[in-house]
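Have the structure open and turn it as you read.

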Amino acid sequence: MKKTLHLAFIFVIILATGFAMAADIPYLTGRVTDNAQIISPETKKALTSRLKVHEERTTNQIAVLTIQTLGGESIEEYAVAVFKEWKLGQKGKDNGILLIVSPGDRRMRIEVGYGLEGIMPDSVAGSIIRDVLTPSFKAGDYSGGIDAGVQAIITVLEGGKVPEQESGAAKSASGFHIEEPDMSLTERILIGAFIFGIIGLFTVIGILTPGMGWFLYFFLIPFWAMFPILIVGTTGALYLLGTYVIAFPIAKLIIGRSDWYNKASNDLRTKGKASIGGFMLSSGSSRSSWSSGSSSSSGGSSFSGGGGSSGGGGSSGGW
C-alpha cells in the first residue's frame, strides 16, 4: 500500500511539473508582444504602426507574439489557446491572425481566424513561413524576418502575392521540392522510435537469418528510402539509405563466417529448423519464419481583441 501511494505521489509531482513548465499565455499589451526580446525597438514601433493602419483599412486584426520557449507544449495548441484568450478579429467576422515565434524552440506559427482562411489558406501561410521567415531566422535576423513576415501577411490580405525565395537546400535545379519535416523534437523522437524500431528489427532479423535474409535486404530498401524522410528530412534519409545499402551486406558477410551462423544454416537445410539467439527459426519450401525458442501457455491596452476565433487553421514551421 505504501509503495502504491509513493508511486502515485511521484506521478502527481511529474504531472504537476509538466503543467508548471507549460508556457503561460501573456497579457495582450499591444499589437506586438515581444516577450522573447528579439525585435528591435525601431522595428516594433514600425510594425505596430503598420498593423494599426491595416486594421483601420480592413478591420483585420494581426498580432505578433514572441516567447522564449513553449515549455514542451506544441506550438499549434499554444497558438489556439492564445488566439482564444486574446479574441483576435472582429466578432462575427473572425478576421484575426496571430504570428508566434519561439526562438528557444526554433518554432513559429501563423494562426489564422475562420474568416480569413479563404484568403490565407494553410498553403499560403506555409509559403510565408518557408520563403520569408525561415531564411531570416536561420541567419539570426529575427527583427528583419518578423518585419518581412508581417508585410507578407498584409500583402496577401490586401490582394497581393507572397514573394518567392529560392533555396538551394529546399529546391533542386530541376525545381523538384520536398518540404522538410514540420515536427518538434519531441514528435521526431517519438515517431522515430516507432519507425526505426520496426524497420530496425526487421533489418536485424535479415542480417541474422540464413535463407530469407537477402530477401529482407531488398524488401526493406523502399522503407529505408521513404519513412526516414518524416524524421530527418530528404538529405538525412538519403544518408541513412546509403548506410543501409552498404552496411547490411557487410554485416551479413561478416556474420556469415561465424560458426553459429553456419550451423544454423546447415540445420535449416538438414533438419528444417534452427535455434538462433533463443528463437526457433524454421523453414518451409522457400521461406523461413521466427518463433520463440521456449513455449508457454498464452493467455490592460489600447489594443484588444474583437471577439474573433480560430479553428486551428494556419501553418507552423521550424528553422
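Predicted model: local features only at pLDDT ≥ 70, side-chain atom pairs only at ≥ 80, totals over all residues.

Residues are numbered from 1 along each chain as its sequence is written, and side-chain values use heavy atoms, with hydrogens and water left out.

Start at strand β4, residues 107-112. (Helices, H or I with at least four residues, and strands, E with at least two, are DSSP runs numbered from the N terminus.) Six of the six residues in β4 are buried, meaning under 20% relative accessible area, with exposed being over 50% and partly exposed in between (1.4 Å probe, protein chains only). In a regular strand, side chains alternate between the two faces of the sheet. In β4, Arg107, Arg109 and Glu111 sit on one side, and Met108, Ile110 and Val112 on the other; both faces are covered.

Who are the neighbours? β4 pairs with β3 (residues 96-102) in the antiparallel sense over six bridges; two strands pair if DSSP finds at least two bridges between them. Look for Ile97, whose bridge partner in β4 is Val112. The β3–β4 hairpin has four residues between its strands, and Arg106 there takes a positive phi near 55°. β4 also runs antiparallel to β8 (residues 313-318), again with six bridges, and Met108 has Gly317 of β8 as its bridge partner.

Now hop to helix α6, residues 185-208. Among its buried residues are Ile195, Ile199 and Gly192.

Key. Expected span 1.5 Å × (residues − 1).
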